[in-house]
Amino acid sequence: MFRYAEVLVDVANRRLDQSFHYLIPESLIIKKGMRVLVSLQNRKVQGLVVDVTDNLPEELEGCTLKPVLEIVDKDSLVPQELIELAHWLAQTTICSLAQSLHTVWPLFKGKIEVWIVLESSLADPDVLTLEWLDPEAFRGLKVLSRAREKAISFKVFLKRANIAESTLDKLISQGWVRKEFRFKAPKGSSLPGETPDLKQESNPRDCLDSGAKTYELTKEQAVAVGSVLTALKEGSPQTILLHGVTGSGKTEVYRELIARVLEQGGDAILLVPEISLTSQVAGFFEKHFGEKVIVLHSGLGQREKMKAWLDILAGKKKIVIGARSAVFAPLPNLRLIILDEEHDGAFKQDENPKYHARDVARKRMEHRKGVVLLGSATPSLEAYAAAQSGKIGLLTMTARIGKSMLPPVEIVDMRDELRQGNRSIFSSSLQEKLKDRLDKGEQTMLFLNRRGYSTFVVCRECGYVVSCPNCEIALTYHTQGQAMRCHYCDYQEQPPHTCPQCGSRYIRFFGQGTQRVEEELQGLFPEIPTLRLDFDTTRTKEAHHIILERFRRQEAAVLVGTQMMAKGLDFPNVTLVGVIAADQTLNMPDFRARERTFQLLTQVAGRAGRSDKPGEVVIQTYSPYDSAVVKAAHHDFQGFFWEEIRYRKERKYPPYTHIIRVLLLHEREDRVIKGAHDLGECLQQGMGDHEFGNNELDILGPAPAVLPRLRNQWRWQISVKGTQQDRLRTFLHQGVQRFFARPSSNGIILNIEVDPL
Ligand SMILES: Nc1ncnc2c1ncn2[C@@H]1O[C@H](COP(=O)(O)OP(=O)(O)OP(=O)(O)O)[C@@H](O)[C@H]1O
Ligand SMILES: [Zn+2]
Ligand SMILES: [Zn+2]
């Protein structure tokens, strides 16, 4: 009886699913998840065994199949669970299985090279006296023994020795030489040696420290820990949201839970939004759990990644800490996955497969009957709504640790400042408070959310923002074409010269950089040392860490930064936080703008007064009555949630509906516009076939994307919005198929995203 392997081959075009069936020779023991070499169009390529069967699919019956050539690794490297996960991922995110496997198992990237090595017992000149060998084989051995490192790659060998492959096979079977598989990292990925070793990477003091402090848990912390442990004991898969205000000690809850899970023989994953921004967290866990922890970050070279993967697979590591891709870590006894700062957009991958770590975590724990714990001071609307409706559990921690209190927040109306003749980007209140902290030797953080691309138009006198009459979303100004556009419906208008509301001439395009803030700060207080944390100053990961460490050591009185600064930082000497312009996130062209604003303001405000010194926050804005700003100032998550959820329901936005967005890309603008309109037509045609109820489904667009041109490509988008994700997906799929039948689809790249952020 024959057995067959379904092998997913690693070829350049990962947009296609390239899995083929091969015959398994009797000499090879092949398991799912092994890497193998197979021949494809007369080339030898690496592949991953995704299935092993006795039966061929019908269409292949009677065909002669090529055999699997070799096994690359002794054992399977990808557990069955993860292969199934990859299938699920491909399905739910609408991408190819190859792309999805590349994500689940990133080491699949890169080439395997076959090397020919002289058996060590023969690695000396004696070989040359073996004249009784046939001349061809002799020539081969001679080449090998002369080669400086006694090995050379397969191809080079055959060429240099000028011998046939069959001769080589003979040499192998007689035990003179052997084949070795070497992993060659793809170009552009860092090579081993170039990246610092894991241990050096973190602080020297991060190594296991038996005196690592564990606090006695507060009542709220203990309740949270207890509830999660109970859920784990029940053994039915669960997701639990931990809503704990800033500084309520969520990290300590994670530590205790992980310790208990480990005691019970389980493993855990802790996901953080961006590992480079959270070395603080990684250091904390390394201090407590030492060698059992492995921190995965993008700086790891291919070889280090491979080692990490093998260590995790072999059970040498019990706790994996990393950014979203760490959710795929092959821990054998995984029981708990924690997402810290659950609301963060970084948990969603924005290239294929466009997965959200939360969904993957849930899927994995469903399989293993474990717990997904979502932690945040500002939960995403989706998570909190799910908790409210009882779909997931909810735990709350309402108080900060010890005597520290949530800081009072002052909202400063920047229109008043202008009226009073203050043209500085700092309000007089913020200036006063800054001076006070400088006198006291306390520290300040100044926050500015600057995203380079979109600018909106705001009146500095009355705060009026030009927004779309159809979508209630700020229009963005484009230097190209000098028009303001809506990214949802493509509504356009010319920017006004005077404010439509109050007639002021002070209406202008908004956009200030952190650099400008720093300069103006130095103008006001020339002698004070400042630090800046933004995209420009943190090109390298080390830079980020160094800036924060310097700030922690109080080398600077003020830290000016972007939203990088909002994430989980715990600096006891920071007693003042200033938000330069809350409006910048508020007016992003996105229905989540208000949610983001609320989250950011709450998180940033949460950096102040975390120890015994009381803190204070100043929020400067042109929209002082906007409820996202007001609610954040009152630390009123509940109030914000109920208001926002009502708005989402009315406007039919997630979580009430699902959105699938299609981005169309092409080098030529006319082609992409034509394509977008044609796709729109194809989708419209489908409306009839599906018997959609009234308002069940909306097509938004076509419209230019938020970034209308990127890497030489024009980008347009169409979104479909509906209540049922499955039906939406089928609808879109059929529309896309119809579109592919049209000539206008030629050369257009489609980028499909389910529930984009
Ligand atoms: N039980 C405890 N007793 C004393 N101190 C504690 C306790 N738990 C935590 N802490 C301390 O309280 C501070 C705040 O905790 P932590 O940083 O975990 O808060 P958090 O909830 O993660 O806040 P954020 O959401 O703002 O990141 C830390 O300095 C931590 O060491
Ligand atoms: Zn105005
Ligand atoms: Zn619009």
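Visitor: Which residues does C462 touch, skipping those up to four places away in sequence?
Guide: R415, C499, Q501, C502 and S504. Keep in mind that this is a predicted model.

Visitor: Where does C462 sit?
Guide: C462 is in the loop between β18 (455-459) and β19 (476-478).

Visitor: Is C462 buried, exposed or partly exposed?
Guide: C462 is partly exposed, because it has 18 C-beta neighbours inside 10 Å. Buried would take 20 or more.

Visitor: You listed C502 as a contact. Which loop holds C502?
Guide: The loop between β21 (492-493) and β22 (507-509).

Visitor: And what does C502 contact, near neighbours in sequence aside?
Guide: C459, E461, C462 and Y464, leaving out anything within four places in sequence. C502 counts as partly exposed because it has 14 C-beta neighbours inside 10 Å.

Visitor: What does UniProt say about these cysteines?
Guide: An unreviewed UniProt entry places a "binding site" feature at C459, C462, C499 and C502. The four positions spread over 44 residues of sequence, yet they cluster in space. Their largest C-alpha distance is 8.7 Å.

Visitor: New topic. How is the chain divided into domains?
Guide: There is domain 1 (4-109), domain 2 (113-184) and domain 3 (198-397). Then come domain 4 (409-450 + 512-648) and domain 5 (658-754).

Visitor: How far apart are the C-alpha centres of domain 1 and domain 4?
Guide: Those two centres lie 51 Å apart.

Visitor: Now the ligand. How many residues surround ligand 1?
Guide: The count is 19. The closest are Y215, T246, G249, K250 and T251.

Visitor: Which helix gives the largest share of that shell?
Guide: Helix α8 (residues 250-263), with three residues.

Visitor: Why is ligand 1 said to lie between domains?
Guide: Because domain 3 (198-397) and domain 4 (409-450 + 512-648) both give residues to its shell.

Visitor: On to the cores. Which residues touch the most other members of the largest nonpolar core?
Guide: I269, L270, L271, V320, I321, L601 and I619 do. That core has 180 residues. Strand β27 (residues 658-666) gives the most to it, with six residues.

Visitor: Take I321. What are its contacts beyond four places in sequence?
Guide: I321 touches L270, V272, A282, F285, V293, V295 and A326.

Visitor: What about another core, apart from that one?
Guide: Another core, of twelve residues, lies apart from the largest one. Its members include I116, L144, L168 and W176.

Visitor: Back to A282 and F285. Are they buried or exposed?
Guide: Both are buried, and both are in α9. Helix α9 (residues 279-289) is mostly covered, with nine of its eleven residues buried.

Visitor: What happens just after α9?
Guide: G290 takes a positive phi there, of about 50 degrees.

Visitor: Last one, E382. Where is it?
Guide: E382 is in helix α12 (residues 381-388). It is partly exposed, because 17 other C-beta atoms lie within 10 Å.

Visitor: And what does E382 contact, setting aside neighbours within four places in sequence?
Guide: P654 and P655. E382 and P654 are 272 residues apart along the chain, but their C-alpha atoms are separated by 7.6 Å.

Notes:
Residues numbered from 1 in each chain as written. Chains lettered and ligands numbered in written order. Predicted model: local features only at pLDDT ≥ 70, side-chain atom pairs only at ≥ 80, totals over all residues. UniProt positions renumbered as here; feature names shortened; annotations may be inferred. Helix = DSSP H or I, 4+ residues; strand = E, 2+ residues; numbered from the N terminus. Contact = placed C-beta atoms within 7 Å. Core = buried A, V, L, I, M, F, W, Y, C linked by C-beta atoms within 7 Å. Near = placed C-beta within 6 Å. Domains from an automatic or database assignment.
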